[in-house]
Amino acid sequence: MTIKTEEITQEDILSEVLDNLMMPVKQLPSKLFYDEKGSRLFDKICELEEYYPTRTEMQIMIDNIEEMSALLGEGTLLIELGSGSSLKIRLLLDNIPGLAGYVPVDISSKHLIQSCETLKEDYPHLDIFPLVADYTKDFELPEINKPFDHKAVYFPGSTIGNFTLPQAKEFLGRIAKLCGKNGGLIIGVDLKKDKKILEEAYNDKKGITATFNLNILEHINNEVNSNFDLNKFLHFAFFNEDASRIEMHLISKENQNVKIDGSIIHFEKGENILTEYSYKYTLESFAKLASDYFEVRKVWVDDDNLFSVQYLRVKPHSILPNGEGF
Ligand code: AVJ
């Protein structure tokens with residue numbers, strides 16, 4: 001098993017951090033949450049009473065796995081974006097008839113190597129084509145040296161919610177192009193619901209989400225030459241009803257300067273850094289968002305309508321934003 005690598009470098013991180021902090025409203029890319037500590041904290045979030053998405057999505061997968069697998073069909077090359085150590089993928093690997101291969105895509109080579117090694121032990125006959133890449137940007141699949149019938153992308157966890165609406169559209173266009181003819185997408189999409197349930201999910205009583213949010217600064221300190229003081233920022237998350245999204249921010253507790261490599265970034269007391277959006281869709285708003293490139297073929301939800309898993313098919317003759325067609 002060879003690993004294709006398009007890993008992001010420290011220079012990439014530095015320029016992205018600086019670009020984002022120099023915007024009119026300071027921001028940080030939410031993918032930077034996930035260093036080793038951040039990934040551990042996220043796993044803890046998933047087990048919190050208040051954080052319903054992970055367990056709800058898992059249950060939807062378990063309850064409907066036969067139907068999902070049958071829809072994906074014979075000879076699927078399964079591409080997972082942001083593959084973790086997740087149990088969800090095993091459900092698909094166990095059930096898709098005549099699965100042609102598995103392409104896990106992850107931003108962290110360490111994470112990817114580890115999970116591929118355990119998968120290889122448990123699935124000795126599975127052909128795995130791992131790819132280290134940042135899927136929020138353009139990326140190319142590794143060479144697949146065997147025949148397959150069609151591609152299907154698996155994108156769980158409602159990670160689509162991290163994109164703004166134009167970014168989400170652009171992303172779906174790239175995925176449709178990647179899948180091509182007869183391509184499919186199984187995607188987890190979190191649903192709009194009562195503000196109280198949403199806000200509690202991002203402001204848990206144990207404060208794990210707050211630690212997770214602040215850890216983005218520690219991760220940046222470890223990657224580039226910066227001196228963020230985590231004691232000088234506060235976690236703040238709320239549901240923006242009009243935009244239908246959770247917003248996570250870090251608020252500066254005082255006037256301060258932070259050194260990042262050669263640059264100095266100033267923060268006013270009360271000024272915030274946007275660290276994450278988490279959009280909450282209705283079934284209609286998501287179908288509309290995807291409609292340029294995909295047709296929603298099947299939607300599974302839990303009894304409380306908290307979360308959805310959806311099967312989409314690439315529309316033939318889609319035109320990408322750049323005018324390119326496929
Ligand atoms: C993994 C991006 C879907 O938006 O709910 C959890 C990340 N942030 N708690 C989400 C997250 C705060 C999560 N996603």
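I began with helix α9 (residues 283–290), where F286, L289 and A290 are buried (under 20% relative accessible area, with a 1.4 Å probe and protein chains only). Looking down the axis of α9, I saw that its buried residues fall within an arc of 90°, so they line one face of the helix; the arc is that of the directions from the helix axis to the C-beta atoms. An α-helix has 3.6 residues a turn, so residues three or four places apart point the same way. On the other side of α9, I found E284 and K288 exposed (over 50% relative accessible area).

A note on the source: this is a predicted model, where local features need pLDDT of at least 70, side-chain atom pairs count only at pLDDT 80 or more, and totals for chains, interfaces and linings use all residues. Residues are numbered from 1 along each chain as its sequence is written, and side-chain values use heavy atoms, with hydrogens and water left out.

Next I asked what covers the buried residues of α9. The cover includes α6 (165–179), β6 (184–190), β12 (294–301) and β13 (307–314).

Then I turned to the ligand. I counted 13 residues around it, with Y51, G157, Y202, E276 and S278 the closest. The shell holds 7 nonpolar, 5 polar and 1 charged residues, and α2 (36–46), α8 (208–223) and β11 (272–279) each supply at least two of its members.

I looked up three side chains. A polar side-chain atom of Y51 sits 2.5 Å from a ligand oxygen atom. For Y202, a side-chain N or O atom is 2.5 Å from an oxygen atom of the ligand. For E276, a side-chain N or O atom is 2.6 Å from a nitrogen atom of the ligand. Taken alone, the ligand exposes 350 Å², and the protein buries 96% of that.

Conventions:
A residue is near a molecule or strand if one of its heavy atoms lies within 4 Å of it. A polar contact is a pair of N or O atoms within 3.5 Å; within protein, one must be able to donate a hydrogen and the other to accept it, and residues adjacent in sequence count only if both atoms are side-chain atoms. Accessible areas come from the Shrake-Rupley method with a 1.4 Å probe; for residues, only the protein chains shown count as cover. Helices (H or I, at least four residues) and strands (E, at least two) are DSSP runs, numbered from the N terminus. Ala, Val, Leu, Ile, Met, Phe, Trp, Tyr, Cys and Pro count as nonpolar, Asp, Glu, Lys and Arg as charged, and the others, Gly among them, as polar. Contact means heavy atoms within 4.5 Å.
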